[in-house]
Amino acid sequence: MLPESAPVPALVQSDPKSGSAPRVVAIGGGTGLPNILRGLCPVVFPEGVTTDATRDRLVAIVATSDDGGSSGRLRATFNMIPPGDIRNCLAALASDRSEIADLFQHRFGSGEGLTGHAIGNLLLAALNEVTGDFAQAVDLAGRMLGARGVVLPATSEVVTLVAEFSDGRVLTGETSIAGAGGTIMRLSLLPERPACSFRVVDALKRADVIVAGPGSLYTSILPPLLVADVADGIWSSRAIRILVANLMTEAGETDNFSLLDHLLTIERHLGRQLFDCVIYNTGPVPDSLAASYANRGARPIVTGAFELNALERFGVRAIGVPLVSEHPAGKIRHHPDRLASAITALAHGKLGAWRVRVGAGGV
């Protein structure tokens, strides 16, 4: 376990132009993925700047199934990939000197047709219309922001989530599924095998470290993993493959789930176990926050000795880290620096002992 005061180990050499640093790919959506990117940015890019030759040392592969809020409105109006999660990742990677990063995140509070829209979402919609290519639009927006890293949509076409519940209901759309309650037995995508950019496949192939999560299991973590090319790329990769466990269960989606339940749910959907390691929380959740979350039906995910032994038999190395960090808005988040410290420590292991992996995928 890493102590709370553990320094963040260097992931790259002191020369930012060196091409020998490990490449990190982070997969997910929601609030979890931007948080990981914020922690990794200063470690992967210690000089605070990037060049065309170094930007792809940190790549975010972002879920594309959102259909709510500003993203959902733009998706419906322009038949475009929803931009919200991608916007948040671009903002997380924005240069510290970027003068438009805060403006990019600004959300209109009034105005006919504008209320609720984030400026970054509108910019991505405009760039998509001008270029006719959403991935290119994202890349252009990233360059405007001075993004340290690359953001890639998990699919190159619009996808819809479909969930089958234990009570027989079948619901479509991320918003409907997240608010439905009940036990999800099966999650799938429409179309079943959506197109995926060659840049996503190439990033996974070249990665030294692949990280999935944290985030909502059914609406942030699983959707990009259900993209066949993404799952295949992780499966065949020589990278260290890491799942970051959630801090809390999520009411109506993962009630009473343990860490092992999360892993088994992913395996059941994909037909294979993708991860070498799981990073889980060992820190206590403050009583006041735990009570607030309990009122909403969520509880801390506590991992004990029995479960750790089960994970070991499952072929997954468990890394315990005190990850709880209190967000100013009274929410619980992963501590970005401690999480980056754990990921980079495993990256250093990848360069040595972790060359030989547990499970399929080869040496």
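This is a predicted model: local features need pLDDT of at least 70, side-chain atom pairs count only at pLDDT 80 or more; totals for chains, interfaces and linings use all residues.
Residues are numbered from 1 along each chain as its sequence is written, and side-chain values use heavy atoms, with hydrogens and water left out. Local features need pLDDT of at least 70 and side-chain atom pairs count only at pLDDT 80 or more, while totals for chains, interfaces and linings use all residues.

Start with the open spaces. A pocket here is an open set of points on a 1 Å grid over the protein atoms alone, with protein on both sides within 12 Å along at least five of seven lines, and lining residues have an atom within 4 Å of a point. The largest pocket holds about 1100 Å³ of space, a volume being the space filled by probe spheres set on the points. It is lined by 37 residues, and Gly 30, Thr 31, Ser 216, Glu 250 and Arg 333 sit closest to its centre. Helix α3 gives the most to this lining, with four residues; helices are DSSP runs of H or I with at least four residues, and strands are runs of E with at least two. By class, the lining has eight nonpolar, 19 polar and ten charged residues, where Ala, Val, Leu, Ile, Met, Phe, Trp, Tyr, Cys and Pro count as nonpolar, Asp, Glu, Lys and Arg as charged, and the others, Gly among them, as polar.

The second largest pocket comes to about 370 Å³. Among its 20 lining residues, Thr 31, Pro 34, Arg 38, Gln 105 and His 327 are the closest to the centre.

Two of 30 Å³ or more turn up in the whole structure. The largest, at about 50 Å³, is lined by Ile 221, Leu 243, Val 244, Ala 245, Asn 246, Leu 259, His 262 and Ile 301. Its lining has six nonpolar, two polar and no charged residues.

Back to α3 (residues 84-93): its axis comes within 9 Å of that of α5 (residues 119-131), and the two cross at roughly 110°, the axes being lines fitted to C-alpha atoms over the stretch in contact, with angles run from 0 to 180 degrees between N-to-C directions. The helices are therefore roughly perpendicular, a label for angles of 65 to 115 degrees. Gly 84, Ile 86, Arg 87 and Leu 90 of α3 meet Gly 120, Asn 121 and Leu 124 of α5, contact meaning heavy atoms within 4.5 Å.

Methods. Angles under 35 degrees count as roughly parallel, over 145 as roughly antiparallel, 65 to 115 as roughly perpendicular and the rest as oblique. On a 1 Å grid over the protein atoms alone, a cavity is a set of points where a 1.4 Å probe fits but cannot get out, and a pocket is an open set with protein on both sides within 12 Å along at least five of seven lines; lining residues have an atom within 4 Å of a point.
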